[in-house]
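Here are a few exercises to work through with the structure open beside you. Try each task before reading its solution.

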Amino acid sequence: MSQRGFRLGIILTSSLLFAAGNARAGDFVFIKSAQNDTAQASKEELKEVFTGKKVSWKNGQKIEIGIGPNGSAELKWLAQELIGASEDILLAKIKQEVFKGDMKKPSPVASAADCFALVKKSAGGICLVDDASAKSLPDGAAVLKYVK
Amino acid sequence: MKRLTRLAACAAALAVVLLAAGKGRAQELSVGAYGNVNYQVTRTVLKDGSNTTVNNNGFSIPTLDIFLRGSAGNWSFLSEVLFDIDEGNEIVVDLDRMQLSYEFGDWLKVTGGRFHTSLGYYNTAYPQGGAVYLLPIDRPEVVDQHDNASIVPTSTVGINLHGRLPYLQQRLSYDVDLSNGRGIASDDLANGGDHNNSKMLNLRLRYELEGLIIGGNAMVDWIPPRLGQEDPALDQPDTLREQIFGLHIAYVEHPWHVIGEGYLIQHIGPTQTQHTIAGLAEFGYTLGITTPYARYSFARFPAEGDVFWAPTHQQDRGNYDALSAGVKFVPNENFAIKIELEMNRAERDTEYRAATQVAFGF
């Protein structure tokens, strides 16, 4: 392979990897209750929410998080995005916070329907669904804008 | 006292089971089980001039922890019942924590009951029964609850106020403990009342920035006299004022694990003030499922021995410096396997230890 061809290959591969990374980061959306007036949250704020350091929203509503089962794409994405680690490490951290007494045990959310049900039931609820499910939100559910 | 603690532990467990049974009463109930199995080989070289060496090895089951947590709205309940091998081979049931809390928001959570004193970082970050979350095999000596040998009062009975101050983007957090404080000795936790009616007051302040925690605490307590001991040399006829000042720094964010904390403990009587200094530094770095780590801990006791610790084990070995290093493997969220080497040099002896631990948490 010529040097020019090699360079082109590197550029193409890098572009594909970059595009794949961006697509993946956009695959999931944070869902909140429509009653929750928090419009957006930063990575640091969401990390605090999902690791029990933040217990209530600005309006005072108690935070109730829902997470997918171990091995789910949602949980893998959440762990990588917020703490840069595997879902095992995120789950262990959550369990440790529950054990310390600083955090309520998260509600299990096995599907987008479970997530919507959680935020409809709990005004402080927050969970994660894939991009496609977020396109047809039921009444009572809203998107929490994720500001990286 | 042990009987009372056992009864209280059973009552707490029963209360939570009944709470859970009541349909619609509790919005959430978590039940957890934590424990560990250890194996260790030790070699102790006495410094009494004889150079006597004592070798020992054995399996142990230090703790089994039954954890219960319930919440309904802003109310929550937490209890931790420990099956603990304190001294010898007897398994003792201990109610390590029993807390009732009401959360007003990030700015205030009020907790009443028996809880871990808000001292330093380690004591509240790693409850005793959760070895699966600890990086090394044991809690450091300064907060090690086994054999009631911790240097600072790890648990207390009273109320705790905790929250984040609404300034500096909520990066300042506080804890205020008001409690019964110490009993007549460090193995006499005032569960059922206060011997001398004077309360322990402790304040901890922290500044947190993107995972970095820098904090300090100040505590004052009045320890009642200790009289009528079987060995009169262990009597302590005066009320002691105990003051504990501490500083801590921690950065425990994947993949880093850095903790440092130090304490000055003062026991002030009518004729003397005794000072003890103790602390630790701990480092770890996670690579995949493996975390290599190292820890240094130390204590410096008064030369004449502290009167408060005379009946217990804190200063049995005199001043010490302990250095340990090991590896923790976490194959999944529920299990941890650790291998550790330690050298602990004290005035009385030097102990070398090789240990391994399998810990679980569900």
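**Exercise 1: A helix and its surroundings**

Task: In this predicted model, find the buried residues of α4 in chain A.

Solution: The buried residues of α4(A) are A:Glu87, A:Leu90, A:Ala92, A:Lys93, A:Lys95, A:Gln96 and A:Phe99. To count as buried, a residue needs 20 or more other C-beta atoms within 10 Å of its own. Next, look at what these residues pack against. In chain A the partner is α3 (73–83), and in chain B the partners are β1, β3 (63–72), β15 (320–332) and β17 (349–361).

Now check the length of the helix. α4(A) covers residues 87–100, which makes 14 residues. From first C-alpha to last it reaches 20 Å, close to the 20 Å expected at 1.5 Å a residue. Just after α4(A) comes A:Gly101, with a positive phi of about 100°.

**Exercise 2: Two helices in chain A**

Task: Describe how α3(A) and α4(A) are arranged: at what angle do their axes cross?

Solution: Two packed helices are described by the angle between their axes and the distance between the axes. Here the axes of α3(A) and α4(A) come within 8 Å and cross at roughly 80°. Angles of 65 to 115 degrees count as roughly perpendicular, and α3(A) and α4(A) are therefore roughly perpendicular to each other.

Then find the residues that meet. From α3(A) come A:Leu75, A:Lys76, A:Leu78, A:Ala79 and A:Ile83, and they meet A:Glu87, A:Ile89 and A:Leu90 in α4(A). Sorted by class, this contact has six nonpolar residues, two charged residues and no polar ones.

**Exercise 3: Positive phi in chain B**

Task: Look at B:Asn51 and B:Gln170. Which loops hold them, and is each one exposed or partly exposed?

Solution: B:Asn51 sits in the loop between β1 (28–46) and β2 (53–60) of chain B. With 8 other C-beta atoms within 10 Å, B:Asn51 is exposed, because 12 or fewer is the cut-off for that label.

Move on to B:Gln170, another residue other than glycine with a positive phi, near 60°. Its loop lies between β7 (155–164) and β8 (172–179) of chain B. B:Gln170 has 16 other C-beta atoms within 10 Å, so B:Gln170 is partly exposed.

**Exercise 4: A peptide bond**

Task: Is the peptide bond from B:His254 to B:Pro255 cis or trans?

Solution: Read omega, which is near 5°: the bond is cis. Then place B:Pro255, which belongs to the loop between β11 (240–253) and β12 (256–268) of chain B.

Notes. Residues are numbered from 1 along each chain as its sequence is written. Chains are lettered from A and ligands numbered from 1 in the order in which they are written. This is a predicted model: local features need pLDDT of at least 70, side-chain atom pairs count only at pLDDT 80 or more; totals for chains, interfaces and linings use all residues. Helices (H or I, at least four residues) and strands (E, at least two) are DSSP runs, numbered from the N terminus. The expected span of a helix is 1.5 Å times one less than its number of residues. Two residues are in contact if their C-beta atoms, placed from the backbone, lie within 7 Å. Axes are lines fitted to C-alpha atoms, for helices over the stretch in contact, and angles run from 0 to 180 degrees between N-to-C directions. Angles under 35 degrees count as roughly parallel, over 145 as roughly antiparallel, 65 to 115 as roughly perpendicular and the rest as oblique. Ala, Val, Leu, Ile, Met, Phe, Trp, Tyr, Cys and Pro count as nonpolar, Asp, Glu, Lys and Arg as charged, and the others, Gly among them, as polar.
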